[in-house]
Amino acid sequence: MFYEAYQIHNDVLGPVRLMAETVRCVLNQPWPWFANAPLIRSASAAMELLSNAGMSHARPDFGIRTVLIEGQEVAVTEEIAASDPFCNLLHFRKDKPCEAPRILVVAPLSGHFATLLRGTVEALLPEHDVFVTDWTNARNVPLLHGRYGLDDFVDLLIRFIRLLGAGVHVMAVCQPSVPVLAAVSLLAAGGDPCQPASMILMGGPIDPRANPTEVNRFAEAHSLDWFERTVITTVPGRYPGAFRRVYPGFLQLAGFLSMNLDRHISEHWAMFHNLVRGDGDGAAATRAFYKEYSSVMDLPADFYLHTIKRVFHDHDLPRGSFRVRGCRVEPAAIERTALMTVEGERDDVCAPGQTVAAHQLCSRIAAVKKSHHLQLKVGHYGVFHGRRWHNETYPKVRSFIRAQC
């Protein structure tokens with residue numbers, strides 16, 4: 001019922017946002033005498049904030065058209081290397097063929113589209129052959145494709161890893177660290193020839209008990225039945241995935257915003273003042289971030305509930321009781337695949353200690369094939385995006401991958 005209520009609210013606000021954008025355009029015209037008047041600029045700034053309010057459920061564009069390689073601009077084309085109703089394997093093909101390590105970037109299935117990793121991909125592209133899991137908004141997946149749970153996620157990763165072949169490097173950003181470690185463990189236990197050369201786990205909840213955050217405490221404080229009754233709903237009839245059970249993206253975004261509400265308010269207040277002052281660059285950065293951040297997708301209900309129970313309630317992976325299709329996941333089986341973990345000093349979603357726990361679980365990986373990096377002065381988003389990712393974290397990731405080639 002609350003999905004329908006949200007949809008009505010969104011439908012009502014649509015014309016309001018459109019009107020605000022129209023008024024903003026009128027106010028921004030070079031009117032003689034009063035175009036730069038403080039009152040006009042303030043009104044224009046207010047209209048822009050109002051027109052940008054709300055959420056989008058459409059996947060944004062990665063927008064990566066070229067990449068600079070050895071001083072030469074090379075065209076980049078997005079191609080679907082493999083498809084699944086719930087996810088496409090997206091390949092960023094460069095027009096200039098070159099030998100480069102293949103890397104599978106596993107984007108989180110957590111309410112945002114894979115385009116949230118735009119900065120991650122931009123850093124990797126010049127020196128890697130990049131593939132990304134491009135998740136589909138669950139409300140657009142027809143019921144005929146069945147349900148989708150955590151085991152299905154692991155199965156899909158194994159399929160993609162095998163498709164990319166031996167020597168691939170796998171990078172998991174946040175939540176997928178658990179299924180990536182599970183997939184690599186199963187490949188190792190089976191002696192699969194396509195075991196990855198390395199896996200990089202970034203800000204993922206391998207062992208949430210190590211250093212619990214408010215996110216972990218909230219999950220543990222509520223029963224699985226509470227989550228199912230409170231946040232799981234069905235997709236309205238107007239969408240292709242009508243009547244599919246989902247965890248709506250708008251609820252996920254509301255949860256993220258509430259964690260740091262003061263900071264988000266101050267960011268928008270600063271954007272308002274930048275617009276009034278005519279500081280277009282400062283406003284553009286905030287506008288771009290929130291345009292991406294407010295683009296949300298629905299999650300399959302089974303996947304969400306399985307993650308809550310098996311990762312945050314039962315802690316199956318660190319306790320050695322994680323199973324996929326009945327097969328026990330044993331990280332100690334991994335020997336050939338090198339392991340790197342990355343954490344953010346100020347990460348309030350997946351705090352330091354939770355990801356590095358993977359090293360203890362992967363006890364048979366040689367010490368020379370293990371690495372850990374704690375990135376100072378960054379929160380969760382800064383682990384894989386932003387200036388410190390480009391200048392400090394990525395060079396270490398690049399060196400680690402090169403050492404395994």
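## Basis

This is a predicted model, in which local features need pLDDT of at least 70, side-chain atom pairs count only at pLDDT 80 or more, and totals for chains, interfaces and linings use all residues. Residues are numbered from 1 along each chain as its sequence is written, and side-chain values use heavy atoms, with hydrogens and water left out.

## Strand β7

Helices (H or I, at least four residues) and strands (E, at least two) are DSSP runs, numbered from the N terminus. In β7 (residues 198-202), 5 of 5 residues are buried, meaning under 20% relative accessible area with a 1.4 Å probe, protein chains only. In a regular strand the side chains alternate between the two faces of the sheet. S198, I200 and M202 lie on one side of β7, M199 and L201 on the other, and both faces are covered.

β7 pairs (at least two DSSP bridges) in the parallel sense with β6 (residues 169-173) over 5 bridges; A172 stands opposite L201. β7 also runs parallel to β13 (residues 338-344), joined by 5 bridges, with V342 as the partner of M202.

## Largest cavity

A cavity is a set of points on a 1 Å grid over the protein atoms alone where a 1.4 Å probe fits but cannot get out; lining residues have an atom within 4 Å of a point. The model has 1 cavity of 30 Å³ or more. The largest cavity has a volume of about 40 Å³, the space filled by probe spheres set on the points, which are joined across faces, edges and corners.

Its lining consists of L150, Q175, V178, P179, P205, T307 and V311. α5 (177-189) and α11 (301-313) each supply at least two of the lining residues.

Conventions: On a 1 Å grid over the protein atoms alone, a cavity is a set of points where a 1.4 Å probe fits but cannot get out, and a pocket is an open set with protein on both sides within 12 Å along at least five of seven lines; lining residues have an atom within 4 Å of a point. Buried means under 20% relative accessible area, exposed over 50%, partly exposed in between (1.4 Å probe, protein chains only).
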